[in-house]
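This briefing walks through one protein model, going from a single loop position to the sheet, the helices and the core. Please keep the sequence and the structure open while reading.

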Amino acid sequence: MKKYQTHRVQNKTHTKFKLMRNKLFIVIALLVGLTSINAQERKANAKAVQSEVVYFIPNMHCERCQAKIEKAITLEKGVKDLVFDLKAQKLTIVYQKQETTPEKLRQALAKMGYEAKSDATTAQPQNSMRENRSCCRSK
Ligand SMILES: [Cu+2]
């Protein structure tokens, strides 16, 4: 009788331990799951607050123009990434929506002497001599 009881008690603690271990496992699994959901959400949020604008800049022709714009525009608040297409004279700016607007970026480019046009999809490159002379004019 006594032997049976001890066995039962041992069995009970063993089951209890097993249950606890299972609970712990579930809690860990939940935590891991939540963390990965959080990371995904944060990624999605970052995408939602980011936008991009494409400008056609008629007097941007050469690497010097690009370097000049790159240097100045990256100092602007909210600018995340730049993609230059010198051949098409197009500049894509990836920016944070809460920190800046396409209008502010356009004004910043204008201050550098580059008139940015937002009809980038329909605009044609203009590599005329007259345009070339105004290239990097503030230098
Ligand atoms: Cu230039």
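Thr101 counts as partly exposed, because 14 C-beta neighbours lie inside 10 Å, a number between the 12 or fewer of an exposed residue and the 20 or more of a buried one. The model described here is predicted, and Thr101 sits in its loop between strand 3 and helix 3. Although Thr101 and Lys77 are 24 residues apart in sequence, their C-alpha atoms are 9.8 Å apart in space.

**Overall layout**

- The protein contains 4 helices and 3 strands, and along the sequence these elements follow the pattern α-β-α-β-β-α-α.
- Of the 139 residues of the protein, 12% count as buried.
- When contacts between residues at least 6 apart in sequence are considered, 71% of them join residues at least 24 apart.

- The 3 strands form an open sheet in the order 1-3-2, and their pairing is antiparallel.
- Strand 1 and strand 2 stand at the edges with a single partner strand each, so one side of each has no neighbour in the sheet.
- Neighbouring strands of this sheet are turned against each other by 15° on average, with direction ignored.
- Strand 1, which covers residues 50-56, pairs with strand 3 in the antiparallel sense over 7 bridges, and Glu52 has Val94 of strand 3 as its bridge partner.
- Strand 2 and strand 3 are likewise antiparallel, with 6 bridges between them; the bridge partner of Phe84 in strand 3 is Leu91, while Leu82 stands opposite Ile93 in strand 3.

**The hairpin and Gln89**

- Strand 2 and strand 3 form a hairpin with 4 residues between them, and Gln89 lies in the turn.
- In terms of numbering, Gln89 belongs to the loop that runs from strand 2 (79-85) to strand 3 (90-96).
- For context, most residues other than glycine have a negative phi.
- Is Gln89 buried or exposed? Gln89 is buried, because 24 other C-beta atoms lie within 10 Å, and 20 or more is the cut-off for that class.

**Helix 3 and helix 2**

- Helix 3 lies across strand 1 and strand 3, and it runs at about 40° to strand 1.
- Helix 2, in turn, lies across strand 2 and strand 3, running at about 170° to strand 2.
- Which residues of helix 3 are buried? Leu105, Ala108 and Leu109 are buried in helix 3.
- Seen down the axis of helix 3, its buried residues fall within an arc of 100°, so they line one face of the helix.
- These buried residues of helix 3 pack against strand 1, helix 2 and strand 3, whereas the face turned away from the buried side carries the exposed residues Glu103, Gln107, Ala110 and Lys111.
- Just after helix 3, Gly113 takes a positive phi of about 95°.

**The nonpolar core**

- The largest nonpolar core has 14 residues, and those that touch the most other members are Tyr55, Ile57, Met60, Ile69, Leu91, Leu109 and Tyr114.
- Strand 1, helix 2 (63-73), strand 3 and helix 3 (102-111) each supply at least two residues of this core.
- With its neighbours within four places in sequence left aside, Ile57 is in contact with Gln89, Leu91, Leu109, Tyr114, Glu115 and Ala116.

Methods
Residues are numbered from 1 along each chain as its sequence is written. This is a predicted model: local features need pLDDT of at least 70, side-chain atom pairs count only at pLDDT 80 or more; totals for chains, interfaces and linings use all residues. Two strands pair if DSSP finds at least two bridges between them. A nonpolar core is a set of buried Ala, Val, Leu, Ile, Met, Phe, Trp, Tyr and Cys residues joined through C-beta atoms within 7 Å. Two residues are in contact if their C-beta atoms, placed from the backbone, lie within 7 Å. Axes are lines fitted to C-alpha atoms, for helices over the stretch in contact, and angles run from 0 to 180 degrees between N-to-C directions. The arc is that of the directions from the helix axis to the C-beta atoms.
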